[in-house]
Structure formats: structure tokens, C-alpha cells
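Open the structure in your viewer and keep the selection panel at hand. The stops below are given in the order in which to select them.

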Amino acid sequence: MIYVRTGSPTLSAQEAVCILHVDDDPDNLQTTKSLLNRPGIEVVSAQSAVEALGRLHEHDFALALVVVDMPKIDGFQLAEMMRDDTRAREVPIIFITGAAVD
């Protein structure tokens, strides 16, 4: 369960939120942790879709940041698996991609 106090710029320990970041690049995972390192926010990393599915059963996530292009199981396939999982189906997903089109 997520508790957010309106009008407050930070969250207390009881109101902490967990964000899942799934990316096969360890540097990207570390950068995201650094950017989101705030009181009341816990970023949990996973380097593959399989690892992410395991993490989804260990925490209650407020959000999932999922890189699209991963080996074996891509971000869209992971999203489909999450929607089939009763514990993970309500977690909002933001897809991340570094692909550029000319």
C-alpha cells in the first residue's frame, strides 16, 4: 500500500515508495538510483526480466521503469507477463528506450 501526504515535499519512512528499474545495463541502473535517491524512495534494480519477476514478488511497487531493448525477454514481453501476474498487474509501467530514429 502506498501512502502519500499531500502538500509535503518529502515522504516519511511509513510513506516510502518502491520503484522497480529493469535494465540490462548496470551503469543505467546506478544512474537511476542516483537520480531518484530521495528520502522515502527506494529504487530496486533488476538486470533482466526474469530477475524483475522475482523482485515483483518481494516488494509492492508504485512504479516500474522498464527498458524496452533487453536480450531474451524484452520490456514489452515483461509487461505482458506482469499483466498476467495478479501481484504485478496493477503496477504502472514507464518504458525507457535509448533508440533514436533519424
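The tour covers charged side-chain pairs and then an aromatic pair.

Before selecting anything, note that this is a predicted model, in which local features need pLDDT of at least 70 and side-chain atom pairs count only at pLDDT 80 or more, while totals for chains, interfaces and linings use all residues. Residues are numbered from 1 along each chain as its sequence is written, and side-chain values use heavy atoms, with hydrogens and water left out.

**Stop 1**

Side chains of opposite charge can pair when their charged atoms come close. A salt bridge here is a side-chain nitrogen of Lys or Arg within 4 Å of a carboxyl oxygen of Asp or Glu. How many salt bridges does a search of the whole structure find? The search finds 3.

Select R55 and E51. Their side chains form a salt bridge with an N to O distance of 2.8 Å. Both residues sit in helix α2 (residues 49–56), 4 residues apart, which separates them by about one helical turn. Helices (H or I, at least four residues) and strands (E, at least two) are DSSP runs, numbered from the N terminus.

Now check accessibility, where buried means under 20% relative accessible area, exposed over 50%, and partly exposed in between (1.4 Å probe, protein chains only). R55 is partly exposed at 24%, and E51 is partly exposed at 28%.

**Stop 2: D60 and R87**

Select D60 and R87, a salt bridge whose closest N and O atoms are 3.0 Å apart. D60 lies in the loop between α2 and β3 (61–67) and R87 in the loop between α3 and β4, so the pair ties together parts that are 27 residues apart in sequence. R87 is partly exposed, at 38% relative accessibility. Going back to the previous stop, salt bridges with shared partners join E51, R55 and E58 into one network.

**Stop 3: the aromatic pair**

Rings of Phe, Tyr and Trp (its six-membered ring) pair if their centres lie within 6.5 Å; planes under 30 degrees apart count as stacked, over 60 as edge-to-face and the rest as tilted. The whole structure has 1 aromatic pair. Select F76 and F95: their ring centres are 4.8 Å apart and their planes are at 55°, so the pair is tilted. F76 belongs to helix α3 (residues 75–84) and F95 to strand β4 (residues 93–96), so the pair ties together parts 19 residues apart in sequence. F76 is partly exposed at 43% relative accessibility, and F95 is partly exposed at 36%.
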